[in-house]
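Please read it alongside the sequence and coordinates.

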Amino acid sequence: MRHLSLDLIRGDILPGDHITTACDDWLSFSIRFVTGISSFRWLAPNSHSMIVLANEGGRVRLVESTLLTNGRGEQMAGVIETDLEVRLAAFDRVWWLPLGTRARAAWNANEAAAVKWLLERIADCTPYDAWQAWQSGHDWLDKVLSRWSPTYARESWDRLFCSEVVAAAWKIATVLPSSWNTSEFSPYGLARLGVYAPEYVQLLGKRKEIARYNSEPVWT
Ligand SMILES: [Ca+2]
């Protein structure tokens with residue numbers, strides 16, 4: 001992992017790449033705790049996921065499903081477009097996880113379909129999926145009870161949580177196999193998938209490696 005400021009690499013960030021983050025607040029801690037335990041770790045390193053929609057001359061546009069207060073003081077809960085540079089201020093740690101060669105080729109070949117789907121989700125303000133976010137985080141029960149577990153989420157894109165947006169766009173772009181359930185991926189689960197370039201970059205915060213980054217085979 002390299003630790004570099006956004007200014008040094010902003011031109012290298014590409015559509016489809018995963019931007020993932022963590023905060024030192026209780027919400028991030030609780031997500032990192034439950035998703036870490038499900039992965040047999042004390043704490044997951046990351047708690048939120050965003051996907052790169054476009055890079056316009058170094059201005060990195062993102063899509064994310066999140067809870068935000070807009071400029072008029074209204075609470076937003078769902079899929080929105082944001083700007084990486086603006087969003088940096090909201091987090092304590094931020095990593096850029098670039099797609100690797102195979103995933104990049106798949107994304108580039110199917111980018112139009114994935115971007116169309118992302119823009120439609122922004123346009124219809126697809127609501128935030130708190131229930132499936134909770135289910136995806138508590139995977140430890142699924143390992144015992146399989147699909148009868150109360151924490152097993154059937155794939156459903158009517159509502160979307162943060163890492164579900166990334167996984168769904170990747171599935172549309174064939175970065176992930178069509179048989180995979182995108183409603184079961186936590187931010188840490190996504191960071192472990194073997195879809196990335198060998199090297200990733202921390203853009204912000206005290207240095208923290210993502211254990212098991214890029215380690216789980218996707219195409220076997
Ligand atoms: Ca969902």
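β2 and β6 pair in the antiparallel sense, with 5 bridges between them. The model is a predicted one. Its largest nonpolar core holds 51 residues, and α7 is the element that gives the most to this core.

**Strand β6**
- Val94 has Leu204 of β7 as its bridge partner.
- Arg93, Trp95 and Leu97 point one way from β6, whereas Val94 and Trp96 point the other way.
- Residues on both of these sides are buried.
- Because 5 of the 5 residues of β6 are buried, the strand is largely enclosed by the rest of the structure.

**The largest nonpolar core**
- Among the 51 residues of this core, those that touch the most other members are Ile51, Leu62, Val165, Ala169 and Val175.
- Strands that give two or more residues to the core include β2 (18-22), β3 (48-56), β4 (59-69), β6 (93-97) and β7 (201-204).
- The contribution of α7 is 8 residues.
- In soluble globular proteins, nonpolar side chains tend to be buried together.

**Contacts of Val175**
- Beyond its neighbours within four places in sequence, Val175 is in contact with Gly16, Leu99, Ala103, Ala106, Trp107, Trp170 and Val195.
- Val175 is also one of the core residues that touch the most other members.

How values were computed: Residues are numbered from 1 along each chain as its sequence is written. This is a predicted model: local features need pLDDT of at least 70, side-chain atom pairs count only at pLDDT 80 or more; totals for chains, interfaces and linings use all residues. A nonpolar core is a set of buried Ala, Val, Leu, Ile, Met, Phe, Trp, Tyr and Cys residues joined through C-beta atoms within 7 Å. A residue is buried if 20 or more other C-beta atoms lie within 10 Å of its own, exposed if 12 or fewer, and partly exposed in between; C-beta atoms are placed from the backbone. Helices (H or I, at least four residues) and strands (E, at least two) are DSSP runs, numbered from the N terminus. Two residues are in contact if their C-beta atoms, placed from the backbone, lie within 7 Å. Two strands pair if DSSP finds at least two bridges between them.
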